[in-house]
Structures are given as C-alpha cells and as structure tokens.
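Reader: Please present the structure, so that the interface between its domains may be discussed.

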Amino acid sequence: MNVPFYDLRAAHAELRDRLDDVHRRVMDSGCFLLGPETEAFEDEFAAYCGARHCVTVSTGLDALTLALTAAGIGPGDEVIVPSHTFIATWLSVSATGARPVPVEPGPTDVNLDPARIEAAVTARTRAILPVHLYGHPADLEPIEDIATRHGLLVIEDAAQAHGARHRGRRVGGGANTVAFSFYPGKNLGATGDGGAVVTSDAQLAERVRLLRNYGSAVKYQHDIRGGNHRLDEYRAGVLRAKLPELDAWNARRAVVAGRYLRDLDGIDGLELPAVASWADPVWHLFVVRVADRDTLRKALTADGIETGVHYPVPVHRTGAYADLGLPAGSLPRAEALSQQVLSLPMGPHLSDTQIDRVVTGVRAALMA
Ligand SMILES: *Cc1c(COP(=O)(O)O)cnc(C)c1O
C-alpha cells in the first residue's frame, strides 16, 4: 500500500453529488464570470473569516499583487518579506515594481522573526508582508506594533492558512488586508487556480474589484488601468460547495498532526514543528527538519511513502532573484531550512492506517 503525499481526488469523491450540482447549475445559468456564484462565495468566505469584504481573483499571486497595488505600493518602495517562503510572496512585491527585502525566521520558528524586522526598515519601507507558512500563523502582535511605530502597512499572505486562528481570531478577520490562494492543493482548493483578497477596508476592496476587471465597475467605463484577474463561476461554485467542510477537514488535519507529534517525538536528530501557545494552526503541511533530509526522503520513497520539500531552493538563491546579489550564506536560516525540511503526507483524508505507515516508516529510517 502506498501513502500519497496529498490525494486531490478524495475531497471530490466525498462531495461528488454537491459538485455535480454545481456543474449543472453553472452550465444551465449561462453565466460564467462575476455572477451569482462568485458573489455568494465572496459573502460566504468574508463571513467565514470574520471580515467585511472578500474580492475573488484568478490566483493567490494576483490576490497578493492586487492587495499591494490597491494599497498604493509600487516602484521605489520596499516591502519586508520572509526569507523562507514560496517564491510567490516575493514575486507579488516585484510585480508592483517595489523591492522585496527579506527577513529571516527565528531560531525555532519558520515564520518571519519580529525581532529582526526593525533592522530591515528603511526610509523606503512601506509594508510588512508576513506569511502564515505551513498553516501556522505568523506572530502578528509584535509585527503590528513595529508597523504602527514606523507607519507601515501589514498585508498578510494566508495562502496556506484558511481557517487558522491567531490569538483566537481567524486569519483574515483582523484589521489587515489578507491574501488567500485557492490553488487545488491548498486547504480550501478550487478545480484550478483561484485567490481572494479579504479585508474590512471598503475602499481597498473597491480598488481590488476595479483592478481585477479592467479598471471597470460599469461596463466600458474604465476609471483606472486594471487587468483581467477574475475567478470563474464554476470554481466559485466549487469553493462554495467545499467551504462548509473546511473546519471539519482542518480538524482532521489536526488529528493527523497530533498523531505525528506524539508518535515521532523523541527521535534523535528529528525536529518536529513547533506550535505557539497563541496559535491554532491548520496544518497545510507537516514539516519536519532533519540534517540528512535527502537520505530520509529516499528511504520513505522506497517504502512507498510520498513526501514533499517546501522549499528546496531559498528564494534569494533562485535565478529569478540573482539580481539582488545575495550570495550563499547571506540568509543562513532560509538556506539551512531549504536543506533540512521534509513535508510528511498530510490531508483530511489520510487514513489511520496510512498515518501508522508514515510513523513506522520514519521511525524505521531514523532509528535503524
Ligand atoms: C500557494 C502560495 C501562493 C500563491 O498562490 P497561487 O494561487 O499559486 O498563485 C502565495 N504564497 C504562498 C505562501 C503560497 O503557498
């Protein structure tokens, strides 16, 4: 028996009838963009997050880029980003013409270290862009304090954190503008790409609405130079069908994580993910750290257990950011993480038998 890293079909099998209904409803409506499914999903997801507005867009990258653009960030500006993240976080800053300025995570954490932010603030800094990586919220309280002291915006990348709670409050339900991705493999995933900007700032929401649709609120009236960044009706309908299951799916992820945390504890050389006392993570990924990651990965693969690496090359060492001139050794935490992280199978449809297989496989590989 093999253990897949993440089975994308399982959620769709569970909701087959509901999804067949969505297909029929949208095809019969003859309306494929910015129609009733999109409007209803925007209301439902805003309510789920505890925010006033949700504006859907084509991708998570677009959600970040349009949120930054709508906030007035552009050429000449700097935005503080985590050194350890998926490249889209940095690319969204670059897409506005601004410059991403990386800050390292703390010694026991994977998210932006608040204690290191102030050293990176310059006269050009406009915003801090924390990422709730792997589904664990970034420590927003000190980040917001720094932002207030320096007159900066906080825009959050919640592409991996649908439903996560930060000091009891849902990510997206606070004062900051937050970007989500509905890429199929995310905790709430569409049948294709998708994203959303969630905010309680009505003006910002309105600007994102214009930017996603050719700068137009009324057909053929173009007030600003926007683009085409719309989500389609079918994907919005699929997201509506899945949203009522999100909390149960996240709860099942927490059960899987609980088993791993209990049964993989105390293995020499294996570092398990830390959970802050104030955080309710949603376990988008369960990421362990081990010095000889590639050997463990090979052993698990041979054992029929599929794993992932998030992410194998730190963003500053990619060709895309070669022009920043950040040499090897310049961001040692991100570089070490890229060598050591291994993502174990995780998802709401992982069976108890599959969890047992992973636990046995990891123990056998490391304790041999
Ligand atoms: C997935 C992801 C994105 C981008 O989302 P897309 O929908 O793929 O464009 C941005 N940031 C992080 C941290 C992500 O994991």
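Reader: How many residues of domain 1 are in contact with how many residues of domain 2?

Author: This is a predicted model, in which local features need pLDDT of at least 70 and side-chain atom pairs count only at pLDDT 80 or more, while totals for chains, interfaces and linings use all residues. Residues are numbered from 1 along each chain as its sequence is written, and side-chain values use heavy atoms, without hydrogens and water. The domain assignment, automatic or from a database, gives domain 1 as 8–103 + 110–244 and domain 2 as 246–367. With contact taken as heavy atoms within 4.5 Å, 41 residues of domain 1 meet 32 residues of domain 2.

Reader: What area is buried between domain 1 and domain 2?

Author: Buried area is the accessible area (1.4 Å probe) that two parts lose on being put together, summed over both. Carbon and sulfur atoms give 63% of the area buried between the two domains, which is about 3100 Å².

Reader: Which residues in domain 1 lose the most area to domain 2?

Author: Three residues together account for 23% of what the domain 1 side buries. They are Y134, H136 and N187.

Reader: Which residue forms a salt bridge with R170?

Author: A salt bridge requires a side-chain nitrogen of Lys or Arg within 4 Å of a carboxyl oxygen of Asp or Glu. The count between domain 1 and domain 2 is 1 salt bridge. For R170, the closest N and O atoms are 3.1 Å apart, and the partner is D247.
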